[in-house]
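Q: Can we go through the ligand sites in this one? Show me the model first.

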Amino acid sequence: MIRIALLPGDGIGPEVIRAAVAVLDHCSRVYDFRYQSEWFDLGAERYLRTGETLPDREFARLRDEFDAILLGAFGDPRVPTNVHAKDILLGLRQRLDLYVNLRPVLLVDERLCPLRGVQTGGIDMAIVRENTESVYVGIGGSFKIGTDDEVAQNVMLSTRKGCDRLLRYAFELARTRRGQLVLCDKANAIESAHGLWRRSLKDLAVQYPDVKATTLYADVAAMRMVTHPHEFDVVVGDNMIGDILSDLAAALVGGLGLAPSASTHPGRVALYEPVHGSAPDIVGTGRANPLAAILSLGMLLRDQGKREAAAAVERACAASVVARQCTPDLGGALTTDQVAAWVSEHLLA
Ligand code: NAD
Ligand code: IPM
Ligand code: MN
């Protein structure tokens, strides 16, 4: 029995999570496993109604009573401070200490790549983003706001433990893939916080002689991802570098509508979510691509030991793109719910 908490969130979040749940329901029957799910009313609506973002009692339930959380997106133009998204999304990552944010990037149809001459399968990387540190820790503040003397500061924090545990995960992952790991940083400018990453990499690399570990400055990494995307296997970055590179990489294989992610810490409830946001510009139009959410469900199923079901979900998602049975962002003409129905019907294909 898999216990899944559903946090649809804002904007297109509920649309893509509803689609993913339709696939989950079908998948559980085809692959004969049981799951329990519960919807959580967290997001902009509730915040505007009650002022609550992520109350302690709900946080404790998510932490203690579920195996996994499937999350849509948070962000609403009516909440310009984005305070609820910070509390819920960044709050869950921080408070559950979900230090790995894994973002696989795979070109399933060469037609989706905006670069010339890249074949299907020619881009296959795993972005391993640190998920609890860097400038996301919320240390800092503003002073003399609104005056000519205004001062604003956000601390970029790296810890030895944080670097070591993420890199260890990335080395282990590289062993199961093509054996290459590249750390992307700005150690040339950010000497302390990113210098620590390089020392951690150097010390750990001796324990993984079978993995080719290298470093790239993140600006050069952004360029090389466009000019030589096939060179990248496991890509490691701190919280901010990993965030930026993951959108870039997603754009090489079909865009945000196709980019899933998992935030994990072994032994704890894990969080699965599309990389994209709440896309206020397309809410309610049926144009929201549910494949990123469905592929995030695939990652959830694999982590829960349902390997066959996970592989079927991934295969059916790729098939929907190849057959153009997808939303307009990928060149199709189906709606969000129609894509979910197509994927469900092709789980055995
Ligand atoms: P976004 O990802 O919501 O949208 C960027 C562009 O991609 C838009 O044009 C949108 O229409 C398109 N897009 C995104 N997802 C799509 C999908 N599934 N199908 C088709 N098109 C899709 O980024 P944004 O516009 O910068 O942010 C909107 C809000 O979402 C902001 O409040 C932001 O903070 C928030 N956000 C939340 C998350 C999250 O909850 N994980 C992630 C990123 C952004
Ligand atoms: C993501 C998003 C979030 C992040 C935002 C909404 C705070 O861009 O999940 O990639 O920066 O982590
Ligand atoms: Mn992002």
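**Ligand sites**

Q: Which residues surround ligand 2?
A: Ligand 2 has Arg93, Arg103, Arg129, Tyr136 and Asp243 around it. Keep in mind that this is a predicted model.

Q: What lies 2.7 Å from an oxygen atom of ligand 2?
A: An N or O atom in the side chain of Arg93 does. The side chain of Arg129 also has an N or O atom 2.7 Å from an oxygen atom of ligand 2. For Tyr136, a polar side-chain atom is 2.6 Å from a ligand 2 oxygen atom.

Q: How much of ligand 2 does the protein bury?
A: The protein buries 73% of the 320 Å² that ligand 2 exposes when taken alone.

Q: OK, switching to ligand 1. Which residues come nearest?
A: Phe74, Gly277, Ala279, Asp281 and Asn289 do, out of 21 residues around ligand 1.

Q: Where does Gly277 meet ligand 1, backbone or side chain?
A: At the backbone: an N or O atom there is 2.7 Å from an oxygen atom of ligand 1. Ala279 has a polar backbone atom 2.8 Å from a ligand 1 oxygen atom. With Asp281, an N or O atom of the side chain lies 2.9 Å from an oxygen atom of the ligand.

Q: How much of ligand 1 does the protein cover?
A: On its own ligand 1 has 800 Å² of accessible area, and the protein covers 66% of that.

Q: What classes make up the shell around ligand 1?
A: Ten residues are nonpolar, seven polar and four charged.

Terms used. Residues numbered from 1 in each chain as written. Chains lettered and ligands numbered in written order. Predicted model: local features only at pLDDT ≥ 70, side-chain atom pairs only at ≥ 80, totals over all residues. Heavy atoms only, no water. Near = heavy atom within 4 Å. Polar contact = N/O pair within 3.5 Å; in protein donor to acceptor, adjacent residues only side chain to side chain. Areas by Shrake-Rupley, 256 points an atom, 1.4 Å probe, with all protein chains shown as cover. Nonpolar A, V, L, I, M, F, W, Y, C, P; charged D, E, K, R; others polar.
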